Amino acid sequence: MLTNILPEVLSMVMISIMMLHSSKKQEIFAPRSRWFNICLTCSFLNIFLNIIRTYLIYFSDKMPLWFNYLINSLFFASLAVVMVVLTFYLISLIYKRSQWGFIRRISRVAVLIPASVFFVLSLSSPLTHLIFYFDENKMYYQSKFALISVVSLMFCTLVVAVGIIIVRKSLDHNIIDLTIAITVIIIALLFVQYFIPDIILSGTCIAYTNFLLFISFQNKSVNVDHLTGLGNREAFYNSLICYANMHKEFKVVFVGLRGFKNVNDKYGQPAGDDFIVKVAGFLRSTNNNCLLYRFNGVEFVYLLPQISDSDFKGLLDKITERFSHHWKIGYMQCMINISMAEISYPQDVNNGNDLITMVEGALRLSKSRMPQNTTIYLNQEIRNEIFRRNELVDLIKQATVCRNFSLCYQPVFDCNENRFVSAEALIRMSDAKGQLVSPSEFIPIAEEIGSIVNIGWYVIEEVCHFFSTNRNVNINSISINLSQQHFMEPYLINRIVDTLDKYNVEPSKLKLELTERVIEKDTEHMRIVMNLLNKKGIGCYMDDFGTGYSNLFHVINLPFECVKLDKSLIGDFNNNITSDIGRRFLIESLIHSFQFIGTKVIAEGVEQENQVKTIRELGVNMIQSFYFSKPLSEQNLLDFINNEF
């Protein structure tokens, strides 16, 4: 008998270890941990009852018949409960987004139907003998209706499989792998049970199912930040979704450290880690009922269930007051500024999908836009801005895949030749209503999400196609804008050359515009790339000179063919020498200095006739502005150029 029940004993030990681990305070994933603890408790009880009933079956003649019936009835009933709670747990993992709430409820009802029948039959079996019975000699027998347990198990598996199929596109691959592993283990153990019926393996199936759930989703080390001991980003999202699905009131507060790189630069990475640990300790001490997570390197987030307004205000005051003072660790001392964002559920957001959208959007805005030591609150303006950004993200991704962008070209006038000699290619994108989206709005987002590289290649391809289909067009070149991400690509030059060869376009036809912001990332790398481009016959322009630092060092030491003076530098410039003599002298000096070192100058933003006249008198080489032409479609550009002659 001991050999037969040994797998059950080992399974009970395994469950006990997991229960001990889960009994520790786990503020990180409290909602889901409570549900998992129910799974463990029911599993432990079922295995314990299985061991007891096995013992009673072997020694049934020494025990009262009513006691044998009671233990066996409880065992089969608990088996039905275990199947339900484990399946409910998997369903909650699959349909964790609130958009699947209705299907989640339907799936649970579907699981309950056969399991409830099995549960009722188990408890009534002492009277009906439908699941098991004892004969007059107290010998134990299972009836053919006991197969309903297998039917219930297969139905639970089917419900889980259907759920995986429904939400497969948005489902974590860990859940799919876990379900496959559980199914394989159950089938394998049932196969062994069939051929070796004396060994009891039902508890082993349950124990290994719990163990796989534990190591995949409940193991604390998977969801803990190892530096601070707080929950990590994944743990935060899990708890956030659980609380939203439970329709509980809570607040989310982000605390981001600003300028923390200075601490690492001054004291080193180990000291920076010590500061982060100390900050985490302070934040954790501000409220005993809070759930605190390290969302990112220097970003922390509170999840505050059912906190009163006074306690919440006190929490924010504590944080603000502490960060108004220096932080000291040993000999190290520094000021650390912060930015905060706060969201209340369901007051600010009333569904789980929008909640995650607002959380991520508020965090992004608190880092990028808000002044230091201030809190961003989710008003309608902020909400609209977040939704607008997400709308543009979707538009950019769709346009990148479907190549739904378009190009327009703004002609560039040569002051010496008195004609239009080149043009700048400008990317355009429309929203779902067909309205043009400003490049200043979608280009920064494209850079942030990494789509700018594909957009750049689209522009290069289209410009080369333009020259290949318009061989006789009377312009010397077209310039395009490339981001810093393009210049970090190892095969940038080869790919540009291959594209030019593909369309049989001369390299001199293509000019690349880059800003100081691009150059400052890695000046030496940019020097190497620009020299290689020049050797291939591809010229480089400095764009937006007069914004940024306007660093003359870059113009002097990098091989620029042309510098474009930004409209902010000369936009309100006119020919009134008395009022603008200083600006006139500065611009004239810049033009002559650039030309002296062999670099041509393009003036942007001169929109009035007197401005054009004055800037030409100062010796500028070319002018690009609305005074001569707005950006034109390809056909309109061809008509514009042809009508000039």
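Is Trp 327 buried or exposed? At 1% relative accessibility, Trp 327 counts as buried, where buried means under 20% relative accessible area, exposed over 50% and partly exposed in between, with a 1.4 Å probe and protein chains only. The model is predicted, so that local features need pLDDT of at least 70 and side-chain atom pairs count only at pLDDT 80 or more, whereas totals for chains, interfaces and linings use all residues. Residues are numbered from 1 along each chain as its sequence is written, and side-chain values use heavy atoms, with hydrogens and water left out.

The rings of Phe 282 and Trp 327 have centres 5.9 Å apart and planes at 80°, so they form an edge-to-face pair; rings of Phe, Tyr and Trp (its six-membered ring) pair if their centres lie within 6.5 Å, and planes under 30 degrees apart count as stacked, over 60 as edge-to-face and the rest as tilted. Because Phe 282 lies in helix α10 (residues 269–285) and Trp 327 in strand β6 (residues 327–329), the pair ties together parts that are 45 residues apart in sequence; helices (H or I, at least four residues) and strands (E, at least two) are DSSP runs, numbered from the N terminus. Phe 282 is buried too, with a relative accessible area of 17%. The charged end of Arg 322 sits over the ring of Trp 327, 3.7 Å from its centre, the criterion being that NZ of Lys or CZ of Arg is within 6 Å of the ring centre and within 35 degrees of the ring normal. Arg 108 likewise lies over the face of Phe 88, at 5.4 Å from the ring centre.

Across the whole structure, a search finds 28 aromatic pairs. Among them, Phe 236 and Tyr 237 have ring centres 5.5 Å apart and planes at 50°, so this pair is tilted, and both residues are buried. Elsewhere, ring pairs link Tyr 69, Phe 75, Phe 76, Phe 118, Phe 132 and Phe 134 into a cluster. One member of that cluster, Phe 132, is touched by Ser 143, which also touches His 129, Leu 130 and Ile 131, not counting residues up to four places away in sequence; contact means heavy atoms within 4.5 Å. Ser 143 lies in the loop between β2 (140–142) and α5 (148–166) and is buried, with a relative accessible area of 16%.

The second largest pocket has a volume of about 1300 Å³. Of the 41 residues that line this pocket, the closest to its centre are Glu 424, Leu 426, Asn 481, Asp 543 and Asp 544. A pocket is here an open set of points on a 1 Å grid over the protein atoms alone, where a 1.4 Å probe fits, with protein on both sides within 12 Å along at least five of seven lines, and lining residues have an atom within 4 Å of a point; grid points are joined across faces, edges and corners, and a volume is the space filled by probe spheres set on the points. The elements that each supply at least two lining residues include β11 (419–430), α14 (439–449) and β15 (539–545).

Asp 544 belongs to strand β15, has a positive phi near 60° although it is a residue other than glycine, and counts as partly exposed at 25% relative accessibility. Gln 306, also not a glycine, has a positive phi of about 50°; this residue lies in the loop between β5 (299–305) and α11 (309–322) and is exposed, with a relative accessible area of 62%. Finally, a cis peptide bond with omega of about 5° joins Tyr 345 and Pro 346, the latter lying in the loop between β8 (337–345) and α12 (352–368).
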